[in-house]
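Reader: Hi! Could you walk me through this one in plain words?
Author: Happy to, let's have a look together.

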Amino acid sequence: MPSPPPTALAAPAAERTGLLRDTAFLRLWAGTVASGLATWALPFVLGLAVLDGSLTAAGLGLVLAVRTAGFLAAVPVAGVLADRYSRRRVVGWAGAASALASPAIALGLDGSVAVMAAAAAVVGVGQGACRPAFQALTREVVDEPRRQQANAAMTLAVRVTTLLGPGLTALLATVTGTVPLLVGTGLLWLAAAALPPRGAAAPTAPPRRDPFHTEFLDGLREARRHPWFLAGLGALTAVIATGYSATGVLLPEASREHYGTEAVLAAALTGYTAGALAGALLMARWRPRAQGWAALAGLACYGFAPLSLLAPAHPAVVVAAYVVAGVGVELFNVPWFTAAQREVDPSRLARVSSLDFLLSYGLAPVGLALIAPAADALGAPTVLGVCALVCFLAPAAAALAPGARHFSRRPPAQGGRE
């Protein structure tokens, strides 16, 4: 599939037909948003359960840890299955499993943490199975000229949910309680299972299949064919494991020690989400000539977040740094997903996407676990400085990889490109 010619802020003619009039995309968008909302809501609702005394903090940690384990175990398996069979079918089964397990989490409140943990593991499996399948399904449902706009629309909805969700959920909790909210996450998973349309080019399983590990390794070989992808994934993983983890652990402490209030913490996180919203809106229309370099520069902007916490500064500086980081994250995310959907062999796209989620999400808990001990041993300023340096240097190094300038292995379609 040839790469589109470079443009700047000018949408292709196909894009002007409007995604809002595309029923198939709207169904896919609604299903993706429902799964994202359910994924986000579970830890928040369980946190409310801790506040009302129906769950202990230790129980919360166990349930969320088991959910993460289920997610990580399912992602590579789902990548293979979504390339073997219909991506729509994989999404349906994964969403249905999470929908059935979510009420079981509610049954375990005030009772058995073991039941909650087992149900949370199933929810994590469903979540992990949906991610690569949704990525591949997007390629099947949306034509290439409109795909960046579609990815921006999906991430925009997720950011709006993140911004408005906590307040709305807390308000609902005062009326309904946590048990109905947990059941509500099951209804969201049911919507995620039922809404997405069948893709136009869903793979069909041949009579004989290679062993699972052979097919997974085939996906790794496909990823190796795209040096820009491996370099970008390495940079993304480094930023999440260092900068994202450092600010997640040390921002609350800095807010309390530097400013004596948690208001800076809340303002910084709100600023990050607002910046991400602005970034998603920008990427719905902007087509940089060197989209890969622009995306990696956006990823490097996350380094300003840990940098702003090195020493006490005006709170506005911290909030501004988080706004810039939020904008930068979406400057990276939207072209990154779009490039993978364009460049990777369609029959291996789910497996390559599973590698993306497995590394970037899988190593995040490791970073979170190591940041606090490192800060105790070396001091928070040293850890924050190192993390900021990694956030700046890792994307810069990735920009040197072949094809990184445009996130493409192919030569330029017009003059001026690689």
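Reader: Where does α4 bend?
Author: The bend in α4 is at F134, and it is about 25°. The bend at a residue is the angle between axes fitted to the seven residues ending there and the seven starting there. As for the name, helices are DSSP runs of H or I with at least four residues, numbered from the N terminus. This is a predicted model, in which local features need pLDDT of at least 70 and side-chain atom pairs count only at pLDDT 80 or more, while totals for chains, interfaces and linings use all residues. Residues are numbered from 1 along each chain as its sequence is written, and side-chain values use heavy atoms, with hydrogens and water left out.

Reader: Thanks! What span should α4 have, and how far apart are its end C-alpha atoms?
Author: With 29 residues at 1.5 Å a residue, α4 should span 42 Å, and its end C-alpha atoms are 40 Å apart, which agrees. The expected span is 1.5 Å times one less than the number of residues.

Reader: How many residues of α4 are buried?
Author: 21 of the 29 are buried, so α4 is largely enclosed by the rest of the structure. Buried means under 20% relative accessible area, exposed means over 50%, and partly exposed is in between, using a 1.4 Å probe and protein chains only.

Reader: And what caps the N-terminal end of α4?
Author: That is S112: one of its side-chain oxygens lies 3.3 Å from the backbone nitrogen of A114.

Reader: Which way do α2 and α4 cross, left-handed or right-handed?
Author: Their crossing is right-handed. A crossing gets that name if the near helix is turned clockwise from the far one by less than a right angle, and left-handed if anticlockwise. The contact of α2 with α4 has 18 nonpolar, six polar and two charged residues. In that count, Ala, Val, Leu, Ile, Met, Phe, Trp, Tyr, Cys and Pro are nonpolar, Asp, Glu, Lys and Arg are charged, and the others, Gly among them, are polar.

Reader: At what angle do the axes of α2 and α4 cross?
Author: Roughly 35°, and the axes come within 6 Å; α2 covers residues 57-84 and α4 covers residues 113-141. Axes are lines fitted to C-alpha atoms, for helices over the stretch in contact, and angles run from 0 to 180 degrees between N-to-C directions.

Reader: What about α9 and α12?
Author: The axes of α9 (residues 263-283) and α12 (residues 315-343) come within 6 Å and cross at roughly 35°. This crossing is right-handed. By class, their contact has 20 nonpolar, four polar and one charged residues.

Reader: Let's switch to α1. Where does α1 bend?
Author: At A41, by about 30°, and a proline, P43, follows within four residues. At the start of α1, a side-chain oxygen of D22 comes to within 3.1 Å of the backbone nitrogen of A24. After α1 comes G53, with a positive phi near 85°.

Reader: Which residue has a positive phi although it is not a glycine?
Author: F407 does, with a phi of about 50°. Most residues other than glycine have a negative phi. You can find F407 in the segment after α15 (380-398), and with a relative accessible area of 0%, F407 is buried.

Reader: Nice. What does the side chain of R84 contact?
Author: The side chain of E215, through a polar contact of 2.8 Å. A polar contact is a pair of N or O atoms within 3.5 Å; within protein, one must be able to donate a hydrogen and the other to accept it, and residues adjacent in sequence count only if both atoms are side-chain atoms. R84 lies in α2, and its 13% relative accessibility makes it buried.

Reader: Where does N151 lie, and is N151 buried or exposed?
Author: N151 lies in α5 (residues 147-176), and at 6% relative accessibility N151 counts as buried. Its side chain joins that of T338 in a polar contact of 2.9 Å.

Reader: Last one: where is P312?
Author: P312 is in the loop between α11 (304-307) and α12. With a relative accessible area of 62%, P312 is exposed. The C-alpha atoms of P312 and A254 are 8.3 Å apart, though 58 residues separate them along the chain.

Note on methods. Helix = DSSP H or I, 4+ residues; strand = E, 2+ residues; numbered from the N terminus.
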